[in-house]
Amino acid sequence: MPLPKAELHLHIEGTLEPELAFALAARNGVTLPYADTEELRKAYEFADLQSFLNLYYGLMAVLRTEDDFADLADAYLARAAAQGVRHAEIFFDPQAHLARGVGMGTVVAGLGRALDRSEAVHGVSTQLIMCFLRDESAGSAMETLEAAKPYLAPRGPIIGVGLDSAEVGHPPAKFAEVYGAAAALGLRRVAHAGEEGPPAYITEALDVLGAERIDHGLRCMEDPELVDRLVRDRVPLTLCPLSNVRLRAVDVLAEHPLPKMLDAGLLCTVNSDDPAYFGGYAGDNFRAVREALGLSPERLRELARNSFVASFLEHDEERRARYIAEVEAYEFR
Ligand SMILES: [Zn+2]
């Protein structure tokens, strides 16, 4: 049995495996520029960020209907469950779909259908977080929030907002207004910061956006005062070790700062980001850091405990306590 954990940094569009991409392409009459799943699988061995983004956005063309989004989320939840994920807070990128004529209602209804039955089918509780693309305008983000209003919790599944895509040159402050509006609507707030961007983006995400969790955040280690603040305020960081290697935020996994970050007292979690593209799901990331960084069972238990501590489960503390009890009782073999 795998170690129980929550996944807090997972882009549902990044869970599209080659087999499902081809199945959805056939269903929707979309022609992919690859002969077969094997050739597409090779394209997943991209060399740099741009070739990843080209592939990532190109393949989204196969996602058209509610059923497509439901099948995508179902496939992820089945894989996550098999790797010990008990709770998943799932990101999606509505602007990437709106731009190709797929409406908010289609995306959210499809994802929502899979999320609604997830606990019964996969034993995984879920929440949905809508991300803004930071390389799009602040106005576009505001329009997206407006379009999402019928689907916000408690009526709909969306419990929070996030900020993703190309970081450098798009500081968090650009989105101050839309984060303010999201806060006024009672939404939780997270933001990618300090992955490729500087530590100052992390500070800005906290101060200007009111971010409650920082996605990635590994470059905080360049600023000791910021580390002190993150430790003192118990700000969770959602690290994605295999993603960091594939996108060259670190050269090799053995040099990942995770052990130093845990030693510093940071509230770190381990997640998969875009698992179909980055070489593994949540459990694969745990296995990779255990092997490459020699983390002890107690460190792994700390990471799993942290994932539930950092979850947005304030509406159900009994559930959080139950998950944490599972972590504490887990016996490493
Ligand atoms: Zn991410």
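Trainee: Let's start with Asp284: which does it count as, buried or exposed?

Mentor: The general idea is that buried means under 20% relative accessible area, exposed means over 50%, and partly exposed is in between, using a 1.4 Å probe and protein chains only. Asp284 has a relative accessibility of 19%, so it counts as buried. Keep in mind that this is a predicted model, where local features need pLDDT of at least 70 and side-chain atom pairs count only at pLDDT 80 or more, while totals for chains, interfaces and linings use all residues. Residues are numbered from 1 along each chain as its sequence is written, and side-chain values use heavy atoms, with hydrogens and water left out.

Trainee: Where is the place of Asp284, and what does its side chain reach?

Mentor: Helices (H or I, at least four residues) and strands (E, at least two) are DSSP runs, numbered from the N terminus. Asp284 sits in helix H14, residues 282-293. Its side chain comes to 2.7 Å from the backbone nitrogen of Tyr281. Setting aside residues up to four places away in sequence, Asp284 touches Gln83, Leu242 and Gly279; contact here means heavy atoms within 4.5 Å.

Trainee: Now Ser307: what is its relative accessible area, and which residues is it in contact with?

Mentor: Ser307, in helix H15 (residues 297-309), has a relative accessible area of 1%, so it is buried. Beyond its neighbours within four places in sequence, Ser307 is in contact with Lys5, Ala6, Leu8 and Thr269. A polar atom of the Ser307 side chain lies 2.9 Å from the backbone nitrogen of Ala6.

Trainee: At what angle do H15 and H16 pack?

Mentor: Axes are lines fitted to C-alpha atoms, for helices over the stretch in contact, and angles run from 0 to 180 degrees between N-to-C directions. H15 and H16 (residues 317-329) pack at about 180°, with their axes 9 Å apart. Under 35 degrees counts as roughly parallel, over 145 as roughly antiparallel, 65 to 115 as roughly perpendicular and the rest as oblique. H15 and H16 are therefore roughly antiparallel to each other.

Trainee: Which residues in H15 and H16 meet?

Mentor: From H15, Arg301, Ala304, Arg305, Phe308 and Val309 meet Arg320, Tyr323, Ile324, Val327, Glu328 and Ala329 in H16.

Trainee: And the chain as a whole: how many helices and strands does it come to?

Mentor: The chain has 16 helices and eight strands. Its C-alpha trace spans about 50 × 45 × 40 Å along the principal axes. Of contacts with a separation of 6 or more, 74% involve residues 24 or more positions apart.

Key
Polar contact = N/O pair within 3.5 Å; in protein donor to acceptor, adjacent residues only side chain to side chain.
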